[in-house]
Amino acid sequence: MTLTVRLDEAQELALEKLAADTGRTKSYYVKQALDQFLEDRADYLTALAVLEKDERIYSAAEVRRELGL
């Protein structure tokens, strides 16, 4: 699949430098960035769905105490 993305000049220059400095392609770094964004967004939406359930939320300290840690 092909996707066209428009970058501003600063983004293009930074991406070209990164690719040249590391020997990887610009596409590699764009895919890495997109994968990370999609993972972060999925985590955010999952957390938001949990919060919207209006269930009791436990602190880390409460969980550790309950588990005897």
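Predicted model: local features only at pLDDT ≥ 70, side-chain atom pairs only at ≥ 80, totals over all residues.

1. Residues are numbered from 1 along each chain as its sequence is written, and side-chain values use heavy atoms, with hydrogens and water left out.

2. The largest pocket has a volume of about 400 Å³. A pocket here is an open set of points on a 1 Å grid over the protein atoms alone, where a 1.4 Å probe fits, with protein on both sides within 12 Å along at least five of seven lines; lining residues have an atom within 4 Å of a point.

3. Residues lining the largest pocket include M1, L7, E12, K26 and L34. The largest share of this lining, 5 residues, comes from α2, and both α1 (9–22) and α2 (26–52) supply at least two residues each; helices are DSSP runs (H or I, at least four residues) numbered from the N terminus.

4. Y28 and Y29 form an edge-to-face aromatic pair, 5.0 Å centre to centre with 85° between the planes (ring centres within 6.5 Å, planes over 60 degrees apart). Y29 counts as buried at 19% relative accessibility, whereas Y28 is partly exposed at 29% (buried is under 20%, exposed over 50%, partly exposed in between, with a 1.4 Å probe and protein chains only).

5. The charged end of R24 sits over the ring of Y28, 4.2 Å from its centre (CZ of Arg within 6 Å of the ring centre and within 35 degrees of the ring normal). R56 lies over the face of Y58, at 4.4 Å from the ring centre.

Conventions
Points joined across faces, edges and corners; volume = space filled by probe spheres on them. Phe/Tyr/Trp six-rings, centres within 6.5 Å; stacked < 30°, edge-to-face > 60°.
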